[in-house]
Amino acid sequence: KHIDAPYGEVKDFSPIIEQAKKCPPPTEIETGSIIGGFAHEQVFALADTVVEAVKSGAIRKFVVMAGCDGRAKSRSYYQEFAEKLPKDTVILTAGCAKYKYNKLDLGDIGGIPRVLDAGQCNDSYSLALIALKLKEVFGLDDVNDLPIAYNIAWYEQKAVIVLLALLYLGVKNIHLGPTLPAFLSPNVAKVLVDSFGIAGITTVDEDMRIFGL
């Protein structure tokens, strides 16, 4: 039912409200819980536990799987990638790409969830701070020396800011997919490949090999 009214006047939605009261309640299609809230301050609070897990070998590598993604079945790459990750890896995520895998039962490593969800796209800021904090804690000079792989989902142009932030921090060897950004003209692509080692995804198994997983 369409509620019409002259421009600027208040619409009366009473008929729709009354109809809604007569409709049966929605049917629950699934149950469960998802752990989130792992922005940088929360991860910093776990810093000692995380560092010890890395030093002991319990956590061998972090994989940043942030970014944007869509619902099309053809974009199932990131779910399959998450499913095939070794048990000694932890996913750092933010943005809607996480909905491909945040319901998977990936377990934890010594109480640390294997999916650390910082929030939405804009919260990728937290992932950058986490990487810089780990760099500081481990006494490294280069963020690229951290045991972190970057496999970023690309879907819409807001992700440009996230990518530029990572490049500003000097992060190299970022993989983007399933499709590459539209602004990557041949000249821009050459600069990013030559200077930062940016590449597209291939297959899950081949990318696992490339990332040393």
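Is Ser 126 buried or exposed? I began with this residue, keeping in mind that the model is predicted. Ser 126 sits in helix α5, and at a relative accessibility of 3% I count Ser 126 as buried, because buried means under 20% relative accessible area. I then looked up what Ser 126 touches and, leaving aside residues up to four places away in sequence, found Ala 39, His 40 and Ala 118. With His 40 there is a side-chain to side-chain polar contact of 2.7 Å.

Tyr 125 is exposed, at a relative accessible area of 55%, and its C-alpha atom is separated by 9.2 Å from that of Ala 94, a residue 31 positions apart from Tyr 125 along the chain.

Helix α3, residues 47–56, was my next entry, and here I noted Ala 47, Val 50, Val 51, Ala 53 and Val 54 as buried. They lie on the same side of α3, because the arc they cover around the axis is only 160 degrees. On the face turned away from that buried side I found the exposed residues Asp 48 and Lys 55. I listed the elements that cover the buried residues, and among them are α2 (40–45), β1 (61–64), β4 (112–113) and α5 (124–137). After α3 comes Gly 57, with a positive phi near 90 degrees.

How many salt bridges does a search of the whole structure find? I recorded nine, and looked at several in turn. Asp 88 and Arg 60 meet through their side chains at 2.9 Å, N to O; this pair links distant parts of the chain, with Asp 88 in the loop between α4 (77–84) and β2 (89–93) and Arg 60 in the loop between α3 and β1, 28 residues apart. I noted Arg 60 as partly exposed, at 36% relative accessibility.

In the salt bridge of Asp 117 with Lys 98, the closest N and O atoms are 3.1 Å apart, and both residues are buried. For Asp 194 and Lys 190 the corresponding distance is 2.7 Å, and here both residues are exposed. Asp 194 and Lys 190 are separated by about one helical turn, because they are four residues apart in helix α7 (residues 186–196). I also noted one network, in which salt bridges that share partners join Glu 80, Lys 84 and Asp 205.

Last, I looked up a nonpolar surface patch of about 260 Å², made by Phe 13, Ile 16 and Ile 17. Ile 16 is in helix α1 (residues 14–22) and is partly exposed, with a relative accessible area of 34%.

Methods. Residues numbered from 1 in each chain as written. Predicted model: local features only at pLDDT ≥ 70, side-chain atom pairs only at ≥ 80, totals over all residues. Heavy atoms only, no water. Buried < 20%, exposed > 50% of the residue type's maximum accessible area, 1.4 Å probe, protein only. Helix = DSSP H or I, 4+ residues; strand = E, 2+ residues; numbered from the N terminus. Arc of directions from axis to C-beta. Contact = heavy atoms within 4.5 Å. Polar contact = N/O pair within 3.5 Å; in protein donor to acceptor, adjacent residues only side chain to side chain. Patch = residues over 30% accessible without salt bridge, like charges linked within 9 Å, V, L, I, M, F, W, Y side chains within 5 Å. Areas by Shrake-Rupley, 256 points an atom, 1.4 Å probe, with all protein chains shown as cover. Salt bridge = Lys/Arg side-chain N within 4 Å of Asp/Glu carboxyl O.
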